[in-house]
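Open the model in your viewer and keep the sequence panel beside it.

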Amino acid sequence: MAQLIYSGIMSLDGYTADREGNFAWSAPDEEVHAFINHLERDVGTYLFGRRMYQVMSVWETWDTSDEPAVIQDYARIWKGADKVVYSTSLDAAATPRTRLERQFLPDEVRKLKSSSGKDITIGGPTLAAHALKAGIVDECRLFITPVAVGGGLRFLPDGLESRLELVDERRFEQGAVYLRYRCLT
């Protein structure tokens, strides 16, 4: 059975975007990006809300031929995975291998997990909040960037109560930290 993994880059004070919605401060350096690529290679399906999908869909059309190898590699990983976008406002998905769903249904994600041969990631804190509150997330993978933004969109939703077990950690040269937790409840 596939694992449902919530993964993201956040500030030291717990935000994925600042008060204005900016997240440029979270751009991973080459070392972190290569590590993310390593983790993403095992992903068969990405689950996104509309906003995160629109941000990430650039990987479909971006000409990365003049970009560093880690960027080219991630573009191949993105294109090789299936995507599910949850949106009531999109008319259609703009990228191949993408299915549009109007509503996030935890039981449907459970079915996907049981039928998938590869792991599934859920991207974006708004959509992930639904999965976390439904208790269907198996792991949280946090990349903590050494910056405080003072407010904005939180990585974990307010009101979430959950027990987590640390199963892996890594420090990066520029000060970022990776923490991998198994969700117990």
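**Stop 1: E139 and strand 7**

Select E139, which is found in strand 7 (residues 139–145); helices (H or I, at least four residues) and strands (E, at least two) are DSSP runs, numbered from the N terminus. This is a predicted model, in which local features need pLDDT of at least 70 and side-chain atom pairs count only at pLDDT 80 or more, while totals for chains, interfaces and linings use all residues. Residues are numbered from 1 along each chain as its sequence is written, and side-chain values use heavy atoms, with hydrogens and water left out.

E139 counts as buried because its relative accessibility is 7%. Here buried means under 20% relative accessible area, exposed over 50%, and partly exposed in between (1.4 Å probe, protein chains only). Show the side chains of E139 and R141: they make a polar contact at 3.0 Å. A polar contact is a pair of N or O atoms within 3.5 Å; within protein, one must be able to donate a hydrogen and the other to accept it, and residues adjacent in sequence count only if both atoms are side-chain atoms.

Next, select what E139 touches, leaving out residues up to four places away in sequence: L4, I5, Y6, R180, Y181, R182 and C183. Contact means heavy atoms within 4.5 Å.

**Stop 2: K113 and D138**

Select K113 and D138, whose side chains meet in a salt bridge at 2.9 Å, N to O. K113 lies in helix 5 (residues 106–115) and D138 in the loop between helix 6 and strand 7, so the pair ties together parts that are 25 residues apart in sequence. A salt bridge is a side-chain nitrogen of Lys or Arg within 4 Å of a carboxyl oxygen of Asp or Glu; by this rule the count comes to 12 salt bridges.

Are these two partners buried or exposed? K113 is buried, at 6% relative accessibility, and D138 is buried too, with a relative accessible area of 19%.

**Stop 3: R170 and E31**

Now select R170 and E31, which form a salt bridge with their side chains (3.8 Å, N to O). R170 lies in strand 9 (residues 164–171) and E31 in helix 1, so this pair ties together parts that are 139 residues apart in sequence. R170 counts as partly exposed at 34% relative accessibility, and E31 counts as partly exposed at 30%.

Stay with helix 1 (residues 30–40) and select its buried residues: V32, H33, F35, I36, N37, L39 and E40. An α-helix has 3.6 residues a turn, so residues three or four places apart point the same way. At the start of helix 1, show D29: one of its side-chain oxygens reaches to within 3.2 Å of the backbone nitrogen of E31.

**Stop 4: D18**

Select D18, found in strand 2 (residues 15–18). D18 is buried but has no salt bridge, and the nearest side chain of opposite charge, R19, is 8.3 Å away. For charge, Lys and Arg count as positive and Asp and Glu as negative; His and the chain ends are not counted.

What does the side chain of D18 reach? It reaches the backbone nitrogen of E20, at 2.9 Å. Leaving aside neighbours within four places in sequence, D18 is in contact with W25, V149, G151, G152 and L153.

**Stop 5: P125 and R154**

Select P125, which is found in helix 6 (residues 125–134). P125 counts as buried, at 11% relative accessibility. Not counting residues up to four places away in sequence, P125 touches Y6, T16, L153, R154 and F155.

From R154, go to D158: the two form a salt bridge, with the closest N and O atoms 3.2 Å apart. R154 counts as partly exposed at 35% relative accessibility, whereas D158 is exposed, with a relative accessible area of 59%.

**Stop 6: R97**

Select R97, in the loop between strand 4 (82–86) and strand 5 (98–101). Most residues other than glycine have a negative phi. Phi of R97 is near 60 degrees, a positive value. R97 counts as partly exposed, at 44% relative accessibility.
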